[in-house]
Amino acid sequence: MTTHEITTTRMNPMIDPGMHIWGWEIPVYLFLGGLVAGFMVISGYFLFSGRFQESRHVTCFRAPLTGLILISLGMFALFLDLEHKLYAWRLYTTIKIASPMSWGAWILVLVYPAMAIMALIHLPDQKHLPIRVEFLHKLSQSLRSHEGLAKTIGAINMLGGAILGMYTGVLLSSLGARPLWSSSSLWLLFLVSGMSATAAFIHMVAPTKAERELLAKADNGFLSLELFVLALYLIGLATTSDVHADAVRLLISGTYAPVFWIFVIGVGIVIPLGIQILAVNHKVKHTSIPPLMVIAGGLILRFVIVMAGQHSHWSNAHGL
Amino acid sequence: MNSISRRKFLKITGTSAGALAAARALPSLPFANDALAALHEEQGEVTTIPTYCDICFWKCGAIAHVKNGKLWKVEGNPLDPLSRGRLCPRGTGGVGAHYDPDRLRSPLIRRSVRGDEEWTAVTWDEALDHIAEKMLKIKEQYGPEAVALFSHGIGGNFLKHTFKAFGSPNISAPSFAQCRGPRDVGFRLTFGEDVSSPERTDIRNAKCLTLIGSHLGENMHNTQVQEFADAIEAGASIIVVDPRYSIAASKAKYYLPIKPGTDLALLLAWMNVIVSEKLYDADYIAQYGFSFEEFSQSIAQNTPEWAYPETGIKPELIRETAREIARYRPASLIHPGRHVTWYGDDAQRSRAIALLSALLGNWGRKGGFYYPVSMDLPGYPYPPYPKSEKGKVDNPNQKYPFAHETITTGIREATISGEPYPIKGWWVYATNLFHALPNEQDTIRAIQNLDLMVVVDVIPSEIAGWADVVLPEATYLERHDDLNVEWFRDPFISIRQPVVKAPDDQKPNWWIAREMANRLGLESYYPWEDIEEYMQFRLEKGGYSFDSLKEKGIILGERQPNYFDEGVPAEFPTPSGKIEFYSLQLTEHGHDPVPVYKKPDDPPPGYFRLLYGRAPVHSFSRTQSNRVLMDMMNENEIWINADIAARWELKSGDRIRLKNEDGVLSNLIKVKATERIRPDCVYMVHGFGHTSKGLRFARGRGASDSQLITRYKVDPLMGGTAMNLTFVTFEREA
Amino acid sequence: MSRYAMVIDTKKCVGCMDCVVACKTENNVPEGYNRDWIVQDVMGKFPDLHMEIRSERCNHCDEPPCVHCCPTGASHVHERGGVVLVEHNKCIGCKACLASCPYDARFIHPDGYADKCTFCIHRVEVGLLPACVSVCPTHCMYFGNLDDPASDVNKLLNSRSHHAVLPEAGTKPHIFYLT
Ligand SMILES: Nc1nc2c(c(=O)[nH]1)N[C@H]1C(S)=C(S)[C@@H](COP(=O)(O)OP(=O)(O)OC[C@H]3O[C@@H](n4cnc5c(=O)[nH]c(N)nc54)[C@H](O)[C@@H]3O)O[C@H]1N2
Ligand SMILES: Nc1nc2c(c(=O)[nH]1)N[C@H]1C(S)=C(S)[C@@H](COP(=O)(O)OP(=O)(O)OC[C@H]3O[C@@H](n4cnc5c(=O)[nH]c(N)nc54)[C@H](O)[C@@H]3O)O[C@H]1N2
Ligand code: SF4
Ligand code: SF4
Ligand code: SF4
Ligand code: SF4
Ligand code: SF4
Ligand SMILES: [Mo]
């Protein structure tokens, strides 16, 4: 028997013995980004398909507003993670095409007006607002009167949401030094996971049964798709190279396996999917439990991928 | 690039043409120069001062860089033949000694029981007056010999001078009885001369280099390592004998994983092969050898087959390596080692290395042992020292007939027993006796018999913790020391001079030595006021320029012959005037005239032999407070053979304690489960496991080999303490 | 054009870490951080072992993912020698570059910016060798221009067997190890 013994003298904080450069902030940011992406797509779809006229849909007004809040929280988490905070403005002095981080920063800037306009369109539907800002209402009315424009805004939001959702995955997959992230299906996984979390969220807060029903169905679709994409992702990596297979092993049998199987797959996808299938078939009542599970699962997925990804490596002298 | 940084940039680059060209080229480069500008801006105002290093005893010529008045870095002095412009990692990290936040800052007087490390800070006058009073009292009651000095390194020169003037011959360093003593005795008995330090080994010209435990690359004695690399580059055949797969072993053509303590058997077997196959240098032996016949007869039984069960090295491999060694003679160097106080047969084992060298005819030949030379520099004319009536205390009745230096442990023994006469005062300069001497209980016992215990140190070491008075010395970067008039391949003089100021109330040893002398009524021994005056006097008398030495750091002499064939006379100052293959001196004192192998003890079941050595980034126990070097390695590990570790269910990174046969437990130490060591021994780097309270950073990091070495053997020829005899077992934390 | 590179002779390197210490003092690398480090790679079963010792640092890659991923342009390839540098006051400390480097060569300086080996370009510019190269007691490190066929580095690469670390990561590293 021969052995291979590698030792290194390097002991840099956050790098050795295992990389730990990103804590809770980045997974939270990626999760919120995905969630907001979902909001944009779903609200945008309602607008684009003209359903906004049916009014009172939570999706239409509150979702974009909530999205604005959530994306701000996400950006704040990202900001907290920056080690050189005073220089954060540097993000907006340049556009680096090769850097998803850079275009991500710019996407975030575009997300704000897109969602704001979408919310604005639904302003008149809101009967219980404490204050009325007259000129906003006028603006809203004029936007509504141009159906084509409203549809375009919906389309822009759908597109923006899709890009935002994909970006959260591309951000990681562009960092090829971490084998667990270097997969071309990561963007799809994060996009779909974001959509399912959004569907679950709206499902949970929707006031009408019809909307709940609609979103539970949508969510079931997203969850099934997510399972499929996850399988694609894992199998894809496992067959790329030994290094990537080692990385996948972190999830399926290694340190992160318990969390991955129990929380991401079980609690986050399979169980709520099961319950919701029963619910849409009217076997059980709609409750907030499955959507909460989906949302938690989506968050934990980001945590697991970010943490395990940092630990995956091309060669590690610390033998992790 | 802004104008400020550009101006600074020009300042540091000075006026050299290349620098200006680079500076001019810069502004034409767009954007990206900001990063560079920032890099240049960091440079500031830099001055350079040459000195020589003191992180170990090699004394490499160095150039210190001071930036904006603060010590920045230390580089090698290209003029210096020892460093050839490159320091070893410890020398490069020497800056950390100056910045060490745990340094001693003012003189301290003990205010509780010894070893409690409770102090009152006092002025130098108070401390020195107190010491002088005690010393004079001891002198009156017991004679001046009753005060002993332990001093290691060139820094102690002036204290030694004060002691000799005081009338004490009891001056000793661990470099003899705990280090290279047996080797120098083994070579003296054979060639009539020492190997000395820096070793006269012609490594760079060797075509075959045999290392018997000399772990060059971990042992970082600079010139040796540089020449080792030269030899590798030149394609020398390298043979390494070590129970551990050392760095050097990884460079070897032949690696012999010998059973610890059996090297003499291997050496005898090699000689047996070389003699029986007539591979030796017959002309050389005929010309210079004494009693070769008797020698051949005494080793006739020591065949490779005989050595095999002892050493674990297969007979074919012993034969093959013997032939390889002989093939390249005389440029075949058997490195004599340096720290050789291993098993108690050390002087005889070293003598076997000398004999093997004689067979190869490498003494005085290129690629073997060269003849070192030195500059002719007159000493300072002092009054003669008083003669001691009692003589030295360390070696009563010449118990160790071949000890030609003072035995530290002999002084310690006399201090405990009061025989042959009492020792009542110790001065300890730059040696941490708790890490340097085996069996620390004996050191404590001796200290408890003292009326006065003074320690001069730079940090609150373990030995300082036991002092009555602690004197804080300025580090080597902050002081002058004696001129280094080296015996080396090339002759030269080098200077140590202050590079930066001592941060607090620390003083240089020469000042302490002089102040002490003045208080002891020995003013006449210090006709000079200031050490620069002393240096200038000597240099001018020798016809050298002091200013030039201060500016360049080195004065080089003319190259002189190093080998017999360059004109060095082949003289051997032995009783026979020849290389003594058979030693009548040894017979006379009842010892074997030709080395005879004795089997070492085997460890009891469940125990492992504790071996130790060097890490390239540390010097003994003196660098674990140096933050730069601690950043490289901040604890030692216990190397355990991977299979053994698996059997004990230990893995790398686990923390365990080691327990010796006397039940002494070590500090917690990290396991290194590795293929790189035999299963019957374990290994750690010496110098860690500090216990002193004042060493806030170093304390409790790693374990101390010295603490575990409670049993040792004494070399009957010269009094060296053999320390590779400790057996340890593993204790898991409950 | 120049493309700087290092060639390190693993046959001579003894893993003494002098290169690491020298980098520390030269570049004022803070306590607890390393721009370069030593890897010992041991193969086999005692006593039949082989060990390669490597002094490692940023490879100043030809295809530097750390530069591509940087959102602000703080990480960039310098015109001179293709050296990869970080401009401190452009860096936001997002750590994307840390994650993108297959060699884990970067770290976040306690002051907040991404830091790593600069190939001692401030020395090279004034005609000196990088600090680690100039200190190495075994003279096992060589620094030079890959685009100059007469440079030491090219001569060594042409005459000796060598390898880079993780060439499969596709970054085209500029440090070569002679074997
Ligand atoms: N167990 C064991 N024992 C050994 C060895 C071993 O490997 N293992 N090695 C042996 C060998 S080879 C040798 S040479 C000896 C070495 O033994 P020592 O020379 O005693 O070495 P250190 O343990 O480093 O102790 C040096 C002391 O000097 C202090 N010091 C450092 N610089 C200065 C200075 O500038 N001025 C003053 N005044 N003090 C200073 C340090 O703080 C430290 O307390 O040890 C021997 N003993
Ligand atoms: N970095 C650094 N370098 C130093 C020093 C330092 O403190 N730090 N100190 C200097 C001084 S003063 C000295 S004396 C030297 C000491 O250094 P050396 O004279 O080279 O070596 P030792 O410390 O005697 O021996 C340690 C080596 O011997 C091996 N060994 C142990 N037992 C046996 C055995 O029974 N047989 C054989 N063949 N090998 C064995 C160990 O595995 C280890 O590799 O180092 C000098 N160089
Ligand atoms: S060998 Fe290293 S520590 Fe010793 S004097 Fe030279 S540079 Fe200093
Ligand atoms: S200084 Fe040279 S010999 Fe020492 S570790 Fe670095 S590259 Fe290797
Ligand atoms: S080694 Fe890492 S930090 Fe250096 S250039 Fe390559 S990718 Fe960038
Ligand atoms: S940490 Fe700094 S250098 Fe690295 S990618 Fe982010 S902004 Fe660029
Ligand atoms: S080139 Fe300079 S910065 Fe890079 S490792 Fe060497 S000394 Fe450090
Ligand atoms: Mo020594």
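## Order of elements in chain A

Read from the N terminus, chain A runs β-α-α-α-α-α-α-α-α-α-α. That gives 10 helices and one strand. The model is predicted.

## Dimensions and packing of chain A

The C-alpha trace of chain A spans about 75 × 55 × 30 Å along its principal axes. The radius of gyration of chain A is 21 Å. A compact globule of 320 residues would come out near 20 Å, so the value for chain A agrees with that expectation.

Of the 320 residues in chain A, 54% are buried. Contacts were also sorted by sequence distance. Among contacts in chain A with a separation of 6 or more, 75% join residues 24 or more positions apart. Chain A exposes about 13,700 Å². Carbon and sulfur atoms supply 71% of that area.

## The shell around ligand 6

Chain C supplies the residues listed around ligand 6. They include C70(C), P71(C), T72(C), A74(C) and S75(C).

By class, the shell around ligand 6 holds eight nonpolar residues, three polar and one charged.

## Confidence

Chain C has an average pLDDT of 96. In chain C, 100% of the residues score at least 70. For the model, ipTM is 0.94 and pTM is 0.94.

Notes: Residues numbered from 1 in each chain as written. Chains lettered and ligands numbered in written order. Predicted model: local features only at pLDDT ≥ 70, side-chain atom pairs only at ≥ 80, totals over all residues. Heavy atoms only, no water. Near = heavy atom within 4 Å. Nonpolar A, V, L, I, M, F, W, Y, C, P; charged D, E, K, R; others polar. Helix = DSSP H or I, 4+ residues; strand = E, 2+ residues; numbered from the N terminus. Rg over C-alpha atoms; globule rule 2.2 N^0.38 Å. Buried < 20%, exposed > 50% of the residue type's maximum accessible area, 1.4 Å probe, protein only. Contact = heavy atoms within 4.5 Å. Areas by Shrake-Rupley, 256 points an atom, 1.4 Å probe, with all protein chains shown as cover. pLDDT = per-residue confidence, 0-100.
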